Amino acid sequence: MRQTVTYRDQIKAATGAGFIARDISFENWAGPSKHQAVALRVGADHAVVYQCNIIGYQDTLYVHSQRQFFRECDVYGTVDFIFGNAAVVFQNCSLYARKPMATQKNTITAQNRKDPNQNTGISIHACRVVATPELEASKGSFPTYLGRPWKMYSRTVYMQSYMGDHIHPRGWLEWNANFALDTLYYGEYMNFGPGAALGQRVKWPGYRVITSTAEASKFTVAQFIYGSSWLPATGVAFLAGLST
């Protein structure tokens with residue numbers, strides 16, 4: 001049975017090495033008007049979150065640091081709802097954009113790598129990027145973007161994932177004018193669905209359409225978080241490489 005943990009303005013923080021959460025719902029009930037309201041913060045190395053719901057609006061999930069793996073999870077939010085500087089892979093997850101406040105734009109990720117030598121980033125692999133029914137009914141008024149650069153070397157990739165038509169054709173959003181557009185690394189590899197069309201994507205120097213399997217493989221479970229060496233002991237299913 002899935003258990004539920006709810007919060008108003010508080011954070012559930014996981015910091016111990018080898019942390020595993022399974023069949024739990026983490027929800028912050030603060031609501032969109034409270035702006036930043038984290039439901040779950042993970043800073044544990046070799047962390048696994050499996051078949052969990054993580055529900056909020058702005059800043060729902062703080063992937064703070066270390067190596068993390070999310071599998072078959074549902075994550076709900078509006079502004080920067082997956083953010084932080086972990087080396088993290090999301091696999092077979094559903095990322096649900098919700099209806100934001102009237103003046104807001106949805107951004108799924110806000111990755112904050114501060115140094116090009118950090119081996120961190122957000123990898124979204126074989127996932128579903130979709131809208132809740134409430135947003136679906138009014139998506140024309142509330143654009144949703146794949147991410148924006150919180151720090152100078154922000155790094156996020158989407159690979160082999162479905163993208164709904166709520167995703168803005170530009171794909172990505174600026175943080176502040178030209179900040180980090182030359183230094184970020186944003187990539188898309190073999191995504192599909194109405195929101196995955198590449199023709200109108202941003203032309204930033206740091207953005208790229210990944211065409212090389214060798215480059216895409218750098219962001220897989222096996223290479224990005226070295227998951228083949230520690231995930232088998234958790235008993236959680238995973239795909240080590242790219243989908244065939």
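Leaving aside neighbours within four places in sequence, Asp80 is in contact with Asp59, Thr107, Ile108, Thr109, Ala110, Arg148 and Trp175, contact being taken as heavy atoms within 4.5 Å. The model is predicted, and local features therefore require a pLDDT of at least 70, side-chain atom pairs count only at pLDDT 80 or more, and totals for chains, interfaces and linings use all residues. Residues are numbered from 1 along each chain as its sequence is written, and side-chain values use heavy atoms, with hydrogens and water left out.

Asp80 is listed by UniProt, in an unreviewed entry, under "active site"; UniProt positions are given in the numbering used here, feature names are shortened, and annotations may be inferred rather than shown by experiment. The residue is placed in strand E11 (residues 79–84), where strands (E, at least two residues) and helices (H or I, at least four) are DSSP runs numbered from the N terminus. With a relative accessible area of 5%, Asp80 is buried, a term that denotes under 20% relative accessible area, as against exposed at over 50% and partly exposed in between (1.4 Å probe, protein chains only).

An open sheet is formed by eight strands in the order E3-E6-E9-E12-E15-E18-E20-E21, with parallel pairing; two strands pair if DSSP finds at least two bridges between them. Strand E3 (20–22) and strand E21 (207–209) are the edge strands, each pairing on one side only. On average, neighbouring strands of this sheet are turned by 10° against each other, direction ignored, the axes being lines fitted to C-alpha atoms, for helices over the stretch in contact, with angles running from 0 to 180 degrees between N-to-C directions. E3 runs parallel to strand E6 (residues 47–50), to which three bridges join it, and Ala21 has Val49 as its bridge partner in E6.

Parallel pairing over three bridges also connects E4 and strand E7 (residues 53–55), with Ile55 in E7 as the bridge partner of Glu27. Four of the five residues of strand E4 (residues 24–28) are buried, so this strand is largely enclosed by the rest of the structure.

Aromatic contacts were examined through ring pairs, for which the centres of Phe, Tyr and Trp rings (for Trp, the six-membered ring) must lie within 6.5 Å, with planes under 30 degrees apart counted as stacked, over 60 as edge-to-face and the rest as tilted. By this rule there are 11 aromatic pairs. Phe70 and Phe90 form a stacked pair, at 4.7 Å centre to centre and with 20° between the planes; because Phe70 lies in strand E9 (residues 67–71) and Phe90 in strand E12 (residues 87–91), the pair ties together parts that are 20 residues apart in sequence. Both Phe70 and Phe90 are buried. The pair of Phe83 and Trp150 is tilted, because the ring centres are 5.7 Å apart and the planes stand at 55°. Since Phe83 lies in strand E11 and Trp150 in the loop between strand E17 (144–147) and strand E18 (155–159), this pair ties together parts that are 67 residues apart in sequence. Phe83 is buried, with a relative accessible area of 6%, whereas Trp150 is partly exposed, at 23%.

The structure holds zero disulfides, a disulfide being a pair of cysteine sulfur atoms within 2.5 Å. For Cys93, the nearest cysteine sulfur is that of Cys127, 4.7 Å away, which is too far for a bond. Cys93 is buried, with a relative accessible area of 1%, and Cys127 is likewise buried, at 3%.
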